[in-house]
Structures are given as C-alpha cells and as structure tokens.
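Here is my note for you to read beside the model. Keep the sequence and the 3D view open as you go.

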Amino acid sequence: MSQNHEENDIARIFVIACATVIEEMLPLMPPGMNYQKLEFGLHTNPDKLRASLQTAIANTSPQFTTILLGYGLCSRAVTGLKSDRQTLIIPKVDDCIGIFLGSDAEYRKQHCLEPGTLYQTKGWIEADNPLKGLSDFTKKYGEKRAVWLFKQMIKNYTRLAFIITGNYETEHYRSVSRTAAGTLGLEYTEIQGSNRLAKKLLFGPWDDEFVVVPPRQTIQFMDFRSS
C-alpha cells in the first residue's frame, strides 16, 4: 500500500539523513521542510550509527508525524530502529549508492557489471575524500609507505566512478574524482545518476520501494528483502 503527501503536510515531515545523502536531497526539498544531518563517519561503526539514529528519532519533536530517513540498510545499522510517535520511511536499498543511482535495481546492475567500484559524489567527496585520507596517511607514514598502505586498503577495487546527479556544479568534483583515480591506480569512469528515488522519498508515493514502519514498530532486516 503506497502513501503520498500534499504540500500542507510538509510541516509534519522531518528528514534525518547522512551527510552524503543530504547533499542530494537539499536541492529537491520544498521550502520549509525540516531536517537533521548526521556525520558520515558514523558508518564506520554500525552500532554507533544505530544509536545516533535512534537518539535523533527519539528527539524529533512530536509536531512531526513522519520521519524520512536518508539511509539504506547500511550494514544493518537501521535494523531495530523505532519511533514511539512517528512513522519511519526509508528507501529499500542496501546503501546510499542506490539512492544516488535512482533505484536499488540500478545499483545491483552496476554491481554486476563492475563489483570493485569506489563510488564518488559531492557529499561522498566532502565527507570521505580518498585524497584527504591519503594525505593523512602521508603525514603519518611518509609518502611511499602511505601510498602502499592506502592501495592495500582498496586492493579489491578496480575502478572509481563519479556519479553525476545534476544537483550541483560538477567540474570541481569531477576533477577531484579523476585525480583520485589516477593517484590510486583505478580506472576512472562516470555514471549518470538519478534523482528519482530521492524525490520519491521526499514526495511519495511510499510504495514497495520503501520500508514504511508505523509508530511503536521496529525496522527489520527482512523488510529490505520483501517485494
């Protein structure tokens, strides 16, 4: 069963999103929609991300009846989340790449074509720029060892793909991505992204591409595996 909302419902909707995802949502948001951004680094510890999300949900004002979560399953970090007052709505994707590409199906298609892909978007670059990571390693270990260590960390990747979503000026982030690919020895490619799923999260309908969890119920892993 799908759900939608009208403009007069905006005041009752609250968005909680990862720093990478909010960059794609902000240009699409209607005026007056309220949101909270959580730092990308929380993803390194799913339990910590879950705790931070649950706190943000619990602290959401009761004036809001619906919380839109700008996340995917994210290493099961969203499982167990619940709200006593609001309905939770989250895209039925494994992680944010499915949001950037417009659907979980498109993400799976790309994964089948080239599983060893390091994806980049504006939000991803600003939150977790691989060149900054390499720079930090260089300061700590020296250039030669830093490059070797960083390449060991990404040894299962063969290409770096910059996703063009059209939500911001592209050239700077394209340049950063291309430079990162060259530095790390990865094939560089560009993939056309899509706002389809992000728009659908913001405006509905919230159909079988979303997990819709009523108040006092919890998000379950199998919610992401049902059609």
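Predicted model: local features only at pLDDT ≥ 70, side-chain atom pairs only at ≥ 80, totals over all residues.

1. Aromatic pairs. How many aromatic pairs does the structure hold? There are four. One of them joins Tyr107 and Tyr119.

2. Tyr107 belongs to helix H4, residues 104-113. Tyr119 belongs to strand E5, residues 117-120. The pair therefore ties together parts that are 12 residues apart in sequence.

3. Buried or exposed? Tyr107 has a relative accessibility of 14%, so this residue counts as buried. The cut-off is under 20%. Tyr119 has a relative accessible area of 7%, so Tyr119 is buried too.

4. Another pair. Tyr168 and Tyr173 also form an edge-to-face pair. Here the distance is 5.6 Å centre to centre, with 75 degrees between the planes. Both residues are buried.

5. A charge over a ring. Look at Arg76 and Phe221 together. The charged end of Arg76 sits over the ring of Phe221. The distance to the ring centre is 3.7 Å.

6. Helix H9. This helix covers residues 196-203. Which of its residues are buried? They are Leu197, Ala198, Lys200, Leu201 and Leu202. Note that a lysine is on that list. In an α-helix, residues three or four places apart point the same way, because there are 3.6 residues a turn.

7. Neighbours of H9. The buried residues of H9 pack against several elements. The strands are E1 (13-18), E3 (66-70), E4 (87-91) and E8 (210-213). The helices are H1 (19-25) and H3 (96-101). After H9 comes Gly204, which has a positive phi, near 80 degrees.

8. The largest pocket. Its volume is about 830 Å³. The lining has 29 residues. Closest to the centre are Phe40, Leu118, Trp124, Asp128 and Tyr157.

9. Who builds the lining? H3, H4, E5, H5 (122-128), H6 (130-141) and H7 (143-153) each supply at least two residues. H6 gives the most, with five.

10. The lining residues divide into 16 nonpolar, eight polar and five charged. Asp128 and Trp124 are both among the residues closest to the pocket centre.

Key: Residues numbered from 1 in each chain as written. Heavy atoms only, no water. Phe/Tyr/Trp six-rings, centres within 6.5 Å; stacked < 30°, edge-to-face > 60°. Helix = DSSP H or I, 4+ residues; strand = E, 2+ residues; numbered from the N terminus. Buried < 20%, exposed > 50% of the residue type's maximum accessible area, 1.4 Å probe, protein only. Lys NZ or Arg CZ within 6 Å of the ring centre and 35° of its normal. Contact = heavy atoms within 4.5 Å. 1 Å grid on protein atoms, 1.4 Å probe; cavity = no way out; pocket = protein on both sides within 12 Å on 5 of 7 lines; lining within 4 Å. Points joined across faces, edges and corners; volume = space filled by probe spheres on them. Nonpolar A, V, L, I, M, F, W, Y, C, P; charged D, E, K, R; others polar.
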